[in-house]
Amino acid sequence: MSIRNWPANERPREKLLEKGAVALSDAELLAIFLRTGIAGTDAVTLARQLLSQFGSLRSLLGASQADFCSAKGLGQAKFVQLQAVLELSKRYFQQQIQRETVFNEPAAVKRYLQHIISGEQREVFLLLYLDSQHRLIKAEPLFSGTIDASPVYPRIVVQQALAHNAAAVILAHNHPSGVAEPSRADKAITERLVQALMLVDIKVLDHFVVGDADVISFAERGWL
């Protein structure tokens with residue numbers, strides 16, 4: 001049966017308008033993005049099949065162009081559309097943070113970072129440059145690496161922090177494995193960066209490790 005023939009309170013678009021996007025399942029939200037299904041399959045069923053094929057919404061949204069376009073019901077036009085939506089989302093949250101948020105509490109930073117780097121398939125090391133009031137000057141990905149490692153060079157971190165006239169910084173990186181628990185290497189590089197930035201009077205406020213469903217704060221654990 002076509003979605004048009006479903007009861008109004010079960011159609012994804014009508015459900016979103018009545019109850020808000022938060023009330024929809026992953027498949028229903030994806031169905032709205034897809035707009036139409038394929039022959040013999042409605043958009044919601046197709047969305048469920050795609051989520052099953054890729055294993056999760058995160059894997060689908062982070063899929064390479066080749067993998068995404070090879071899936072039934074998708075293609076290059078949908079891939080381009082998705083990348084535009086993801087980038088718009090990132091820019092929206094960055095502008096919200098720049099305009100409204102003072103980075104005085106870890107919860108605000110966690111929400112921001114989850115939108116910026118939680119879906120990355122490779123490890124990305126990000127710096128948040130802050131002014132003397134702890135407002136965001138700029139968020140900059142400095143290093144990226146293999147699926148489970150990112151080389152981090154203190155000299156470059158110091159150079160960039162000075163170039164942005166930062167009074168303080170927040171460090172962040174993701175774990176593509178999805179497990180946010182910091183490693184020994186994470187702790188070691190944090191100590192090196194704290195020491196390097198201290199020499200130029202720039203304070204490291206926190207280091208966040210971003211996983212699939214969790215973001216861990218070094219400051220909250222008493223490691224900074």
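Student: Is Y153 buried, partly exposed or exposed?

Tutor: The model is predicted. Buried requires a relative accessible area under 20% and exposed requires over 50%. Y153 has a relative accessible area of 46%, so Y153 is partly exposed.

Student: What is the geometry of the ring pair F143 and Y153?

Tutor: A search of the whole structure finds four aromatic pairs. In the pair of F143 and Y153, the ring centres are 5.8 Å apart and the planes stand at 75°. Planes over 60 degrees apart count as edge-to-face. The pair is therefore edge-to-face.

Student: Where in the chain do F143 and Y153 lie, and how many residues apart are they?

Tutor: F143 belongs to strand β2 (residues 136–144). Y153 is in the loop between β2 and α8 (154–163). The pair links distant parts of the chain, and the separation is ten residues.

Student: Is F143 buried or exposed, and which residues form the aromatic cluster with F143?

Tutor: The relative accessibility of F143 is 8%, so F143 counts as buried. One aromatic cluster contains F143 together with F125 and Y153.

Student: Which parts of the chain does the salt bridge between D212 and R58 tie together?

Tutor: The side chains of D212 and R58 meet at 2.6 Å, N to O. D212 lies in the loop between β4 and β5 (215–217), and R58 lies in helix α4 (residues 57–61). The bridge therefore ties together parts that are 154 residues apart in sequence.

Student: How many residues apart in sequence are the parts tied together by E181 and R221?

Tutor: E181 and R221 form a salt bridge, with the closest N and O atoms 2.6 Å apart. E181 is in the loop between β3 (168–174) and α9, while R221 is in the segment after β5. The parts are 40 residues apart in sequence.

Student: Over which ring does the charged end of K187 sit?

Tutor: The charged end of K187 is 4.4 Å from the centre of the ring in question. A charge sits over a ring if it is within 6 Å of the centre and within 35 degrees of the ring normal. The ring is that of W223.

Student: Which residues make the nonpolar surface patch of about 300 Å²?

Tutor: One of the residues, V200, lies in the loop between α9 (184–198) and β4 (203–210). V200 has a relative accessible area of 31% and is partly exposed. The patch is made by L162, L199 and V200.

Notes
Residues are numbered from 1 along each chain as its sequence is written. This is a predicted model: local features need pLDDT of at least 70, side-chain atom pairs count only at pLDDT 80 or more; totals for chains, interfaces and linings use all residues. Side-chain values use heavy atoms; hydrogens and water are left out. Rings of Phe, Tyr and Trp (its six-membered ring) pair if their centres lie within 6.5 Å; planes under 30 degrees apart count as stacked, over 60 as edge-to-face and the rest as tilted. Helices (H or I, at least four residues) and strands (E, at least two) are DSSP runs, numbered from the N terminus. Buried means under 20% relative accessible area, exposed over 50%, partly exposed in between (1.4 Å probe, protein chains only). Patches are made of residues with over 30% relative accessible area and no salt bridge: like charges are joined within 9 Å, nonpolar side chains (Val, Leu, Ile, Met, Phe, Trp, Tyr) within 5 Å. Accessible areas come from the Shrake-Rupley method with a 1.4 Å probe; for residues, only the protein chains shown count as cover. A salt bridge is a side-chain nitrogen of Lys or Arg within 4 Å of a carboxyl oxygen of Asp or Glu.
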